[in-house]
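Open the structure in your viewer and keep the sequence panel beside it. The stops below go from the whole assembly down to single residues.

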Amino acid sequence: MILKNSRQKQRAANSKPRKIMRPVTKKVLDNGLKVFLIQVKELPVVSHWIWYSVGSRDEQSGETGVSHFLEHMMFKGTKKYPKGSIDLITARLGGHNNAFTSSDYTAYYFNLKSDRFEEAMKIESSRMRGCLLDPKEFELEKKVVLEELQRGEDDPWQNLFQAVEASAYVVHPYHHPVIGWREDLERLTRDAMQDYYHRHYVPDRASLVLAGDFKKKDALDLVEKHFGKIPSGGTPRKAALHEPPQKGERRLILRSPAKLPRLGVAWKGCTVNDEDDVLLDVINCLLSMGKTSRLYQNLVKGKELASFAQSYNESRMDAGLFWIISEPKPGVEPEHLEEAIFGEIERLKAQGPSAAEMKRIQKAVLTSFYFQMETVSDQAQRVGQFETIVHGGIKALEAYPQKLLAIRPKQIKEAMRRYFVDDQRTVGWSLPEGE
Amino acid sequence: MAKRQAKKIPHSSRLRFKIHRRQLPNGLVLLAVQNTTAPTLAVTCSLMVGRMEEPPEKAGISYLVGESLDEGTQRWTGDELAALVEGYGGSLVTTGSGAAIRMAAEDASLAVKILAEVILRPTLPKDGVRRMRELALAELQSERDEPRTVASLAFQHLVYGEHPYGRPSKGSLETMASLTPSQCRSFHKKWYLPSRAIIAGSGDLEPEKLLDLLEKAFGSWKDKNSKPLGVKEPRELDGPVQENLFYPSNQVHIYLGHLGIKRTDSDFYKLLVMDHVLGTGPGFTSRISRKLRDEQGLAYAVGASITHSAGIERGMFSAYIGTSPGQEKQAIDGFIREIQAIRREAPTRKEMEDVKAYLTGSFVWALERNSNLARFLVRMERFQYGDDYIQRYPEIIRAVSAKDVRQVAEKHLHPDRSVCLRLGPK
């Protein structure tokens with residue numbers, strides 16, 4: 001029995017990356033709008049995405065939260081589409097739409113049946129330059145955004161993430177939360193938002209991605225028809241302020257009404273698609289992907305110190321963070337858990353992964369990459385995200401599986417030594433008030 | 001001519017899924033569809049096991065059994081199982097009502113073997129069950145730090161009373177702490193039965209081949225007759241119930257509602273249309289989210305639904321809002337006003353058209369991801385939607401009239417016999 005399993009494992013580990021990415025057609029319109037088309041014909045649907053290369057990273061001090069707030073306002077009326085009509089039209093067409101803002105980008109999507117996706121283009125072309133930002137709606141929506149902020153303030157994890165980020169970045173705008181600081185939001189004026197909108201929402205700062213069941217030529221004609229005449233002319237994306245090297249561990253304690261302690265540690269990481277990014281992805285999986293991972297095996301199971309322990313490689317457009325978050329089991333002293341987590345880091349740093357562990361992780365990362373491509377929306381999202389924040393976009397995405405399979409354990413050990421430096425970590429604890 | 005005819009074919013009929021069904025002599029129903037979008041596979045085994053099978057003093061046992069299914073089987077230890085699943089880049093999730101596995105489609109045979117092991121032959125080992133119990137206890141404590149969860153559980157208890165649905169699925173700190181591995185093994189033996197299970201798979205694989213694999217793995221599963229516990233139906237409220245709970249949060253969390261319907265209720269589709277007019281439309285198209293969020297700026301999260309929780313047992317009608325202190329009255333008045341309005345007057349023609357267009361047109365999205373598709377197949381079988389459901393669904397929705405919506409709203413929504421729970425700062 002065991003022999004059979006070993007054989008199966010061997011075959012699995014040797015498998016070659018399959019071609020998961022469908023061919024992507026790229027075209028750049030005269031006004032600079034980048035267009036990407038991915039044909040997937042299994043279901044009669046189309047996923048339509050617009051990515052703007054703007055996010056909280058592009059905000060100046062005093063205007064934090066404007067990118068995210070503006071994303072809300074993009075549903076509150078354009079010259080052609082009055083407030084509420086975008087959702088209503090989408091619903092009538094049997095589709096879905098939504099949007100999200102991160103530090104590095106703002107994305108808007110529509111999932112529609114393939115016989116009616118032109119409507120998404122009409123809407124997006126209208127709000128690329130024609131969002132009304134009606135003053136009354138602006139004040140009303142500000143209340144909603146402040147409720148969203150307040151909702152986050154009741155989440156002990158969100159408070160901790162925010163505090164650790166604000167401490168890990170002193171100069172770089174990743175210091176600011178995407179939702180913004182309360183006072184900045186309260187003071188933000190409609191005119192300041194309009195100025196921001198005009199600077200950043202232009203075709204030459206956007207990528208349009210279409211994935212699904214359509215004819216390429218028809219789709220390109222429609223893109224030209226709806227977006228071709230929009231003038232370019234925003235400001236090019238600026239480099240953000242450079243974060244100086246961290247020269248010592250930073251520590252913080254956040255007192256919270258929450259009854260359980262919570263830990264968040266962040267080391268300085270790398271940019272998306274940096275040569276080290278895939279190494280940090282593998283380290284992330286070695287530490288916490290599934291029940292075979294080191295943090296689960298040794299801290300949740302083995303020593304039974306944590307009720308959970310999770311890592312994340314949060315690579316971004318500029319160097320991001322590598323996180324470990326954990327909750328001690330009731331009765332476990334916070335310092336014991338922290339010590340054990342750092343012990344696992346040191347062990348991986350000193351010994352690196354075993355060859356067997358590496359093969360398992362490579363296969364796991366590869367398959368999870370496939371799972372992230374299951375729907376047309378997934379495929380469009382991946383392409384848009386890469387194109388917006390990575391130099392070389394799709395090519396980088398396509399090269400990922402090969403890069404992953406080429407990694408050797410020695411490289412992991414070396415990356416551990418480069419990134420998991422005590423002086424470059426920020427340790428945050430959320431602890432109960434009054435203890 | 002052919003071209004013109006082709007244009008007349010409704011767009012939804014282009015959904016190309018053919019559902020393959022097989023019922024085994026032991027009562028187990030197997031379902032499979034092929035989806036070639038990605039080289040992946042998802043298989044779900046869903047059991048009719050949960051709180052209804054738990055005596056009150058053992059509340060949380062179905063959760064604990066579910067969490068412990070992959071702690072070891074007759075063939076593999078927990079660590080071996082994890083190494084096997086993860087070595088193939090798959091994921092296995094076990095819950096209080098079964099298990100679901102995702103793997104690359106080429107590893108289908110192994111995926112089915114693993115699923116069969118955790119469902120049919122878990123050893124529920126002493127140490128594994130103990131650890132899972134301690135993790136459940138830690139989670140129960142952690143949930144106390146989430147105000148919305150605390151509010152939701154308190155609301156549920158007020159609506160269902162002593163009915164099993166009034167209890168959290170993890171039970172309480174006391175009941176969870178008292179559960180033993182041997183109780184877990186007895187529970188598994190008694191309730192994990194083929195006649196209570198449906199297994200469905202979707203992925204890049206010939207459906208008949210998947211059914212063959214499933215039949216081979218689950219064909220020997222023995223059925224028996226386990227007598228249900230004889231739980232009484234939950235009681236309707238006689239009048240309004242108000243509850244005000246202190247919590248040191250920034251926002252106030254409000255739940256308003258009462259007992260709802262079973263999924264098999266003949267009013268289900270009429271209420272589905274009503275839900276979308278009233279409180280659960282996409283974006284901010286429903287009356288409640290449009291008025292309370294979009295027009296009054298009271299909340300980021302707000303909504304209401306009766307069909308969402310409808311299942312084998314009665315679900316709940318619940319309206320929720322998270323808002324700033326001081327705005328509670330405006331929010332509650334808003335809920336009541338909208339509930340009364342839909343009970344009193346039929347929706348407008350335009351509202352009906354919009355909601356029907358959304359419901360009939362958006363159906364396709366439920367079928368997009370393998371794991372969603374597998375879950376959809378399970379629901380289809382469990383609630384006997386019928387083989388032609390995908391084709392019939394638009395007709396069912398189109399047949400609902402504005403008058404129907406008003407009538408079912410009046411019949412099923414009772415603002416005068418509701419629980420209104422407020423949790424937040426003083």
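How many residues of chain A are in contact with chain B, and how many of chain B with chain A? Select both chains: 61 residues of chain A touch 60 residues of chain B. Bear in mind throughout that this is a predicted model.

**Stop 1: the chain A side of the interface**

Stay on chain A and select α1 (2–14), α3 (85–92), β4 (96–101), β5 (106–113), α5 (135–153) and α13 (355–371); these are the elements that each give two or more residues to the side touching chain B. If you colour by residue class instead, the side of chain A that touches chain B shows 22 nonpolar, 16 polar and 23 charged residues.

**Stop 2: confidence**

Now colour by pLDDT. The predictor gives the complex an ipTM of 0.89 and a pTM of 0.91. Chain A averages 91, and 95% of its residues score at least 70. Select residues 1–18 of chain A: the pLDDT there is below 50, and the stretch has 14 contacts in the model beyond near neighbours in sequence. Chain B averages a pLDDT of 93, with 96% of the residues at 70 or above. In chain B the stretch to select is 1–14, where the pLDDT is below 50 and eight contacts are found beyond near neighbours in sequence. Where pLDDT is low, the predicted coordinates should not be read in detail.

**Stop 3: two domains in chain A**

Domain 1 covers 24–227 and domain 2 covers 250–432. Their centres, taken over C-alpha atoms, are 28 Å apart. Where they meet, 33 residues of domain 1 of chain A are in contact with 27 residues of domain 2 of chain A.

Which elements of domain 1 of chain A give two or more residues to the side that touches domain 2 of chain A? Select β2 (34–39), β3 (45–52), β5, α6 (156–168) and β6 (206–212) of chain A. Of these, α6(A) supplies the largest share, nine residues. By class, this side of domain 1 of chain A divides into 21 nonpolar, nine polar and three charged residues.

**Stop 4: helix α9 of chain A**

Select residues 216–227 of chain A. This is helix α9, with twelve residues; from its first C-alpha to its last it reaches 16 Å, close to the 16 Å expected at 1.5 Å a residue. Show side chains for A:Ala219, A:Val223 and A:Phe227, which are buried. They lie on the same side of α9(A), because they cover an arc of only 40° around the axis. An α-helix has 3.6 residues a turn, so residues three or four places apart point the same way.

To see what covers the buried residues of α9(A), select elements including β2, α4 (118–129) and β6 of chain A. Then turn to the face of α9(A) directed away from its buried side, where the exposed residues A:Lys217, A:Asp218 and A:Asp221 are carried.

**Stop 5**

Select A:Leu295, in helix α11 of chain A. A:Leu295 counts as buried because 24 other C-beta atoms lie within 10 Å. Beyond neighbours within four places in sequence, the contacts of A:Leu295 are A:Leu287, A:Ser288, A:Val300, A:Ala309, A:Ser311 and A:Glu344.

**Stop 6: two positive phi angles**

Most residues other than glycine have a negative phi. Select A:Glu304, in the loop between α11 (294–302) and β9 (306–314) of chain A. Its phi is near 50°, a positive value. Is A:Glu304 buried, exposed or partly exposed? With 15 C-beta neighbours inside 10 Å, A:Glu304 counts as partly exposed.

Bring chain B back and select B:Gln384, in the loop between α14 (370–382) and α15 (389–398) of chain B. The phi of B:Gln384 is also positive, near 50°. B:Gln384 counts as exposed, with 8 C-beta neighbours inside 10 Å.

**Stop 7: a glycine in chain B**

Finish at B:Gly78, in helix α3 (residues 78–87) of chain B. B:Gly78 has 21 C-beta neighbours inside 10 Å and so counts as buried. Leaving aside neighbours within four places in sequence, B:Gly78 is in contact with B:Asp70, B:Glu71, B:Gly72 and B:Gly128.

Notes: Residues numbered from 1 in each chain as written. Chains lettered and ligands numbered in written order. Predicted model: local features only at pLDDT ≥ 70, side-chain atom pairs only at ≥ 80, totals over all residues. Contact = placed C-beta atoms within 7 Å. Helix = DSSP H or I, 4+ residues; strand = E, 2+ residues; numbered from the N terminus. Nonpolar A, V, L, I, M, F, W, Y, C, P; charged D, E, K, R; others polar. Domains from an automatic or database assignment. Expected span 1.5 Å × (residues − 1). Buried ≥ 20, exposed ≤ 12 C-beta atoms within 10 Å, placed from the backbone. Arc of directions from axis to C-beta. pLDDT = per-residue confidence, 0-100.
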